[in-house]
Amino acid sequence: MTTPTDGLTPLAIDYLNLDSLFSVEELELRDRVRAFVDARIRPNIDAWYEAGEFPRSLAPELGKLGVLGMHLDGYGCPGRSAVEYGLAMLELEAGDSGLRTFASVQGSLTMSAIHKFGSVAQKERWLPRMAKGELIGCFGLTEPDAGSDPARMQTAARRDGDGWVLDGTKRWIGLASIADVAVIWARTDDGIRGFLVPTSSPGFSASDIEPKLGMRASIQCDVTLDDVRLGAEDMLPDATGLGAALSCLNEARYGIMWGALGAARDAYQSALAYSLQRRQFERPIASFQLTQQKLVDMVLEIQKGLLVALHTGRQKDAGALRPEQISFGKLNNVREAIAICREARTLLGANGITLDHTPMRHANNLEAVRTYEGTDEVHTLIMGRAITDIPAFA
Ligand SMILES: Cc1cc2nc3c(=O)[nH]c(=O)nc-3n(C[C@H](O)[C@H](O)[C@H](O)COP(=O)(O)OP(=O)(O)OC[C@H]3O[C@@H](n4cnc5c(N)ncnc54)[C@H](O)[C@@H]3O)c2cc1C
């Protein structure tokens with residue numbers, strides 16, 4: 001099968017030669033993930049998307065590829081750098097946002113929570129098999145009435161002897177219906193705490209939210225916790241307060257700033273290849289100035305977005321990254337990516353509204369991406385607070 005870069009010039013692929021900013025190891029990892037996406041995702045994604053399916057069998061393949069919890073050290077995790085993690089997310093999302101979302105929920109949210117806040121016993125129990133994709137995790141923060149403002153969550157954990165009883169509902173929880181373990185955030189007398197809930201626990205149930213108009217090759221669920229009984233050892237000992245949950249979101253938001261560029265790149269390359277071949281008025285549509293302007297604008301934003309992501313990644317690897325700086329990349333790169341995908345769709349004309357072409361699928365996925373892990377508005381408010389020192393929200 002052809003890849004979107006077949007027949008394109010070097011400048012069309014990497015205008016500023018940004019590849020020169022990456023190490024050989026980083027490019028090798030990127031190329032390995034790209035090859036996986038070409039071989040395993042591109043031939044199948046249309047069918048999965050149409051069927052609204054994420055095949056669980058992909059999980060061990062992604063584990064073998066080394067992209068689950070890839071920035072975490074020890075406990076069988078790959079221990080790669082933030083930049084390598086970002087490059088992998090970019091390549092996965094060039095296949096489909098649903099695929100990158102799987103890696104984010106598993107690695108950046110759930111495994112991160114266990115890695116940051118779990119006991120040694122919890123880490124040993126869950127992380128090695130999650131890194132291999134043998135076990136799947138989910139991360140339950142959002143509720144029907146608590147989205148952008150998770151501090152208003154109603155899910156509660158009350159003491160029961162040495163253990164706990166959890167009651168409440170969560171919504172939009174990725175992977176919950178195929179997960180083996182759920183990180184559930186709940187109110188206690190001692191503030192918000194995180195719990196590790198085996199999904200086989202009596203009283204835990206998850207049902208898929210469908211039908212969806214975007215992010216179709218991906219699972220999100222309504223979750224009910226009805227008198228779910230846990231042992232004392234099931235609380236994440238070091239996760240105290242909402243800040244613990246938010247620190248996991250920062251890991252996922254960081255990955256998204258790279259991932260969105262993958263969707264944008266794929267849409268741009270598809271549109272470019274099509275416009276070089278598609279003829280109207282007896283000329284390729286790529287010969288029209290209006291078309292070239294669209295393509296150039298895409299290249300400008302993809303390359304700028306990559307510089308933002310790379311700089312942010314290098315800062316993260318140096319331990320110098322602030323959460324507010326992640327908001328810059330998430331807000332900018334997702335906003336530009338969705339604009340690029342929509343513009344790319346226009347170049348495909350009517351054919352662009354079919355599943356034969358990728359831009360509209362990517363754009364529909366990015367509708368969800370601009371909402372989860374902090375909406376555009378929430379990241380704008382975070383940046384506004386950072387530059388004015390005045391919070392415009394609680
Ligand atoms: C595909 C997908 C996967 C997801 N996966 C998970 C998951 O795995 N785990 C999980 O816990 N959650 C998950 N979520 C939930 C996600 O984090 C929430 O959707 C997100 O936090 C926004 O909450 P909401 O949808 O309730 O929107 P709301 O918070 O109701 O916001 C609605 C609108 O109001 C705006 N708004 C809210 N407050 C303000 C304000 N102060 N100022 C200005 N505007 C404001 C928002 O920006 C938005 O435009 C997922 C969502 C999606 C779509």
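Select T375 and the ligand: a polar side-chain atom of T375 lies 2.6 Å from an oxygen atom of the ligand. That is a polar contact, meaning a pair of N or O atoms within 3.5 Å; within protein, one must be able to donate a hydrogen and the other to accept it, and residues adjacent in sequence count only if both atoms are side-chain atoms. The model is predicted: local features need pLDDT of at least 70, side-chain atom pairs count only at pLDDT 80 or more, and totals for chains, interfaces and linings use all residues. Residues are numbered from 1 along each chain as its sequence is written, and side-chain values use heavy atoms, with hydrogens and water left out.

Next, select E377. An N or O atom in its side chain is 2.7 Å from an oxygen atom of the ligand. Then pick W172. Here a polar backbone atom is 2.9 Å from a nitrogen atom of the ligand. On its own the ligand has 980 Å² of accessible area (Shrake-Rupley method, 1.4 Å probe). The protein covers 66% of that area.

Now show the whole shell. The ligand is surrounded by 16 residues (a heavy atom within 4 Å). T142 and S148 are among the closest. By class, seven are nonpolar, seven polar and two charged. Gly counts as polar, and the charged class is Asp, Glu, Lys and Arg.

Colour β3 (163-174) and α12 (376-388). Each supplies at least two residues of the shell. β3 gives the most, with three. Helices (H or I, at least four residues) and strands (E, at least two) are DSSP runs, numbered from the N terminus.

Leave the ligand and look for aromatic rings. The whole structure has six aromatic pairs (ring centres within 6.5 Å; planes under 30 degrees apart are stacked, over 60 edge-to-face, the rest tilted). Select F54 and F102. This pair is stacked, at 4.8 Å centre to centre and 15 degrees between the planes. F54 is in the loop between α3 (45-51) and α4 (58-65), while F102 is in helix α6 (residues 97-117), 48 residues apart.

Two backbone stops remain. Go to P211, in the loop between β6 (204-208) and β7 (220-230). The peptide bond from E210 to P211 is cis, with omega near 0 degrees. Finish at E282, in the loop between β9 (279-280) and β10 (283-284). Its phi is positive, near 65 degrees. Most residues other than glycine have a negative phi, and most peptide bonds are trans.
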